[in-house]
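Please open the model in a viewer and keep the selection panel at hand. The tour below moves from one selection to the next.

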Amino acid sequence: FGSSRIGPKHQVGDGSVGHGSCPCEAFAGTASVVVAAMIESAAGLVGFLDSLETLHEIFTDDRQQAKLFDLSGEFGGWRSCKGDGNCFYRACGFSVVEATLCRDPKRLLPIIQKLERIVGRESKDLMSLLVELPHLDHELALEMWYQSFLNDAALDTQLVRALRLAAASWLEKHRHMVFKNIPMETYVESEHKMDFQSFLQSEVLTLGKEADILMIHAVTAALGFKIEIIQLDRSVGNAQRHGVPEKVPGDAVATLLFRPGHYDIFYRSELYKDVVQLEKSLQLRRLCSRGGADAGLTGGGSTGYESSWDQSFGAGGRSPGKAGHRHASRGDALEDVVEALKHAMRSSMDKCVAAIDRDTAEVRRTAESDRHACRDLEQEIKVLSDELAAKQEVTRELQESISGLQASGCRGFWCS
């Protein structure tokens, strides 16, 4: 795991790659071709959620199969990322935002604030999107994130650039610290055969350059989160696990699946179930696939499951995956648009009703609390009234005693 690079000339299966090779070439056979074909999103850089069964179909080596079987009790699925040298930054950024939004969108604020200080005026569209998300409920925030990122390749480029800037900024500030028991500058010169500034410019900030453990550590340290990396290779034994930054307490925000030279996103079972249901309800495979986005929701490839959109057309509806129906008629296109508007209106109404219900419940709780407070105040007033009456009675008795003494005449030193 010391580096995401395979090299120099590290053998993997029947093939070999060096430092300059494409990450996906690290796998023998057709695995990289299958992964690339599975992405299918309009942007073509981050794919849709898939179950572990698809990984079993891709990696047929017995040792990898055994590791996947051991992991299947804890993990439910994965999401493919394009292998173009940016896969770590892409997988890390997407997964951390997604997992944080699933938990609580407001938890994204510290990361956004750090990014804003680092990127400055760069990645404007990405930052404009990110700053909106913490103020939405988690489902609406995720919908905005998915539909923006899966359809717009430019946002992916900006995300990769932002994380590279974060890594470079942190490395520049900590260039004199000890890394792997040696000064960081010495580590860079030894590992990358160049001086520190050249390393930042050519390896960290340049798009398409793979990330090694130093860049991975820098990204997570700069933005203040922890990730888990699970290594799936052909070594004997269980899959290796790595927490980054190392020796930092607390749970990882997200998990990446690392295969020599490439990173994808890995989902624990509970998160996988939640995201699967959300993908279905939002019809992401329909709206964000290459066919769906390019053809105005009238075409697209196989969805992998039957969406509620597909069910609305019944048995006589179009079959988007067949070549004969790739281009819908104008009437069908209009039906699609109407259905989309209906779905959006129903979703909006459901959110409004839910908001009204929450407000009503809050008003009821406040009114009940006020009633309890009034009852407590009434009891307190009654106690004070009783105390006042008792004191008035004592005062009356004292006045009667004084009047009696005055009536009987005064005797003694003080009488004149």
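Two residues are in contact when heavy atoms of theirs lie within 4.5 Å. Helices (H or I, at least four residues) and strands (E, at least two) are DSSP runs, numbered from the N terminus. This is a predicted model, in which local features need pLDDT of at least 70 and side-chain atom pairs count only at pLDDT 80 or more, while totals for chains, interfaces and linings use all residues. Residues are numbered from 1 along each chain as its sequence is written, and side-chain values use heavy atoms, with hydrogens and water left out.

**The whole chain.** Of its 416 residues, 42% are buried, where buried means under 20% relative accessible area (1.4 Å probe, protein chains only). Among contacts between residues at least 6 apart in sequence, 71% join residues at least 24 apart.

**Helix 9.** Select residues 184–192, which form helix 9. Met 184, Tyr 187, Val 188 and His 192 are buried there. Now display what covers them, including helix 8, strand 5 (178–179), strand 6 (182–183), helix 10 (196–204) and helix 11 (213–223). Just after helix 9, Lys 193 takes a positive phi of about 60°.

**The cores.** Which residues have the most contacts inside the largest nonpolar core? Select Phe 88, Leu 130, Trp 145, Tyr 146, Leu 171 and Ile 227, in a core of 77 residues. Such a core is a set of buried Ala, Val, Leu, Ile, Met, Phe, Trp, Tyr and Cys residues joined through side-chain atoms within 4.5 Å. Helix 8 (residues 153–173) gives the most to this core, with 11 residues. Apart from it lies another core of 14 residues, including Ile 58, Phe 59, Ile 230 and Leu 232.

Next, centre the view on Phe 88. Leaving aside residues up to four places away in sequence, Phe 88 touches Ala 211, Ile 216, Val 219, Ile 227, Leu 256 and Tyr 263.

**The last stop.** Finally, select helix 4 (87–103), helix 5 (109–119) and helix 8, the elements that give two or more residues to the lining of the largest cavity.

Notes
Buried means under 20% relative accessible area, exposed over 50%, partly exposed in between (1.4 Å probe, protein chains only).
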